[in-house]
Amino acid sequence: MTEYFSYAMRGYIENYLGLPKACWQAIILTFIESLAIGISFFLSLYFVDILHFDIAVAGLLISCYGMGTVFGGILGGKLSDRTSPKIVSAISLLLQATAFLLLTQLISLEWLMLNLFILGVTAYGFTTSNDVWMLNQCKGQSEVRLKTVNISRAAMNLGFGLSGVIIGSVSSSGFQSIFYLSAIILLLSAIYLFVQKNDGPLETTIKTEQALSDNAILKTKKANRKVFLLILACLFAVGLLISQLSATYPIYVQDAFPLLGIKAVSILFILDTVLIVLLQAPLVNALKNHNKIMVAGFGAFLMGLGMLVLSFSFTFFLALISCVIWTTGEMLFVPMAQLLCYEKGEEKKKGQNMGIYKAVYACSMVAGPTLGGIIYHYLGGNRLWYVSAALGCLCLVACHNYKKYD
């Protein structure tokens, strides 16, 4: 038994080995930034309880942050193609720190809207440029890229989870202390990046392309473009599924399990985070030799299936099963989608493609809660889960039709 356990642990640890040192730097920065930016999930409480805005105004301010993330993804990607992604990340972190410092002073609605917009721009500007720089360090090795994306995503979720713990621990000191703490963390991270050496020239595939005929190159580019557009469409659908949960999931779960109340919601969200942190890397790495497009499609399908199971959850155990299913789908889809968007992009437009990827996801995060809330209000929770399942099925069918391009 001990020998089997030791073998299993060695296999698990191998999922975190073999990455270039530079990739670990980017992963650690992802963790640190998510730890600091996690306060954004609690800003509505600050606006209502401390600044005494009503809920509608608080929603408007959060929407400004959401719009900023859309522009931040595109801007961060464009700049990463024109200059060093590391410099773009450093500037984004510096501006994020400044935005948090301004939050301690601003009380005017107009200035808060502008500041929240800038915070959104810099948050997604960092994640886009940092991901581009991280994947550039993998030297064309798809397997290493996939492992890097998985670990980075686990680090991000761990950062968000610990952020909630930290905020709960220091909340008695007030939001001002939290803003200062986030600003200090981001400022130190920016200084660290600024003092690093600049990136060397990226490896290109010019020699490979010269060995191909012009017709073959054109066909490859067309196929890559089709896959890129397919993944963006699926990403928007999956983003709708993920983001609408923030508006509808807590309400549905509390109504379905009134004896547990808010504890039921907390248990399910903690389960989601723990599963991603512990299983993201080993699960997806186990499927590294399978068709990436089909893995992404199956992940979207599982997300829809998990939400469909929720409509039949007459016991809390089934709700836990539902959470495991859609979290598994999320773990499969997100890294595969990100990897495909990076690899199918033109050599000198990797940043642009990653920026579009982030922007599309940000758009879905803005639209999802509104659309989900409307369906939930007028048609009920069960109908919403049926729609979610239908979106998952559509993604699977579309990916199946394009699987030959992987």
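**Helix packing, rings and buried residues**

Modeller: H10 and H15 are roughly antiparallel to each other, because their axes cross at roughly 160 degrees and angles over 145 count as roughly antiparallel. The model is a predicted one.

Colleague: How far apart are the axes of H10 and H15, and which hand does the crossing have?

Modeller: The two axes come within 10 Å, and H10 passes H15 in a left-handed crossing.

Colleague: Which residues of H10 and H15 meet?

Modeller: From H10, the list includes Leu230, Cys234, Ala237, Leu241 and Leu245. From H15, it includes Leu384, Trp385, Leu391, Cys395 and Ala398. By class, the contact of H10 with H15 has 13 nonpolar, 5 polar and no charged residues.

Colleague: At what angle do H14 and H15 pack?

Modeller: H14 (residues 350-379) and H15 (residues 381-401) pack at about 135 degrees, with axes 7 Å apart. Roughly antiparallel would need an angle over 145, so H14 and H15 count as oblique to each other. Gly372, Ile375, Tyr376 and Leu379 of H14 make the contact with Gly381, Arg383 and Leu384 of H15. These residues divide into 4 nonpolar, 2 polar and 1 charged.

Colleague: And what is the geometry of H3 and H8?

Modeller: Helix H3 (residues 43-50) and helix H8 (residues 175-194) pack at an angle of about 145 degrees, and their axes are 11 Å apart. The crossing of H3 and H8 is left-handed. On the H3 side the contact has Leu43, Leu45, Tyr46 and Ile50; on the H8 side it has Phe175, Gln176 and Phe179. The count by class for H3 with H8 is 6 nonpolar, 1 polar and no charged residues.

Colleague: Some of those are aromatic. Which residues form one aromatic cluster?

Modeller: Tyr46, Phe47, Phe100, Phe175 and Phe179 do. Of these, Tyr46 in H3 and Phe175 and Phe179 in H8 also take part in the contact between those two helices.

Colleague: How is a single pair of rings described?

Modeller: Two values are used, the distance between the ring centres and the angle between the ring planes. A search of the whole structure gives 13 aromatic pairs. One of them joins tyrosine 402 and tyrosine 405, at 5.8 Å centre to centre and with 40 degrees between the planes, and is tilted.

Colleague: How accessible are tyrosine 402 and tyrosine 405?

Modeller: Tyrosine 402 has 32% relative accessibility and counts as partly exposed. Tyrosine 405 has 23% and is also partly exposed.

Colleague: Is histidine 52 buried or exposed?

Modeller: Histidine 52 counts as exposed, because its relative accessibility is 64% and the cut-off for exposed is over 50%.

Colleague: Let us take residues inside helices. Where does serine 243 lie, and what does it touch?

Modeller: Serine 243 is in helix H10 (residues 214-256), and it counts as buried because its relative accessibility is 2%. Beyond residues up to four places away in sequence, serine 243 touches Ser364, Met365, Gly368 and Pro369. Serine 243 and glycine 372 are 129 residues apart along the chain, and their C-alpha atoms are separated by 8.5 Å.

Colleague: Which residues does serine 189 contact?

Modeller: Serine 189 is found in helix H8 and is buried, with a relative accessible area of 8%. Setting aside neighbours within four places in sequence, serine 189 is in contact with Leu29, Ile32 and Leu93.

Colleague: What of glutamine 25: buried or exposed?

Modeller: Glutamine 25, in helix H2 (residues 21-37), counts as buried at 14% relative accessibility. Leaving aside neighbours within four places in sequence, glutamine 25 is in contact with Lys86, Trp133, Tyr192, Leu193 and Gln196.

Colleague: Last, what does glycine 125 touch?

Modeller: Glycine 125 lies in helix H6 (residues 109-136) and is buried, at 5% relative accessibility. Not counting residues up to four places away in sequence, glycine 125 touches Gly72, Gly76, Val88 and Ser92.

Key: Residues numbered from 1 in each chain as written. Predicted model: local features only at pLDDT ≥ 70, side-chain atom pairs only at ≥ 80, totals over all residues. Heavy atoms only, no water. Axes fitted to C-alpha atoms, helices over the stretch in contact; angles between N-to-C directions. Helix = DSSP H or I, 4+ residues; strand = E, 2+ residues; numbered from the N terminus. Left-handed = near helix turned anticlockwise from the far one by under 90°. Contact = heavy atoms within 4.5 Å. Nonpolar A, V, L, I, M, F, W, Y, C, P; charged D, E, K, R; others polar. Parallel < 35°, antiparallel > 145°, perpendicular 65-115°, else oblique. Phe/Tyr/Trp six-rings, centres within 6.5 Å; stacked < 30°, edge-to-face > 60°. Buried < 20%, exposed > 50% of the residue type's maximum accessible area, 1.4 Å probe, protein only.
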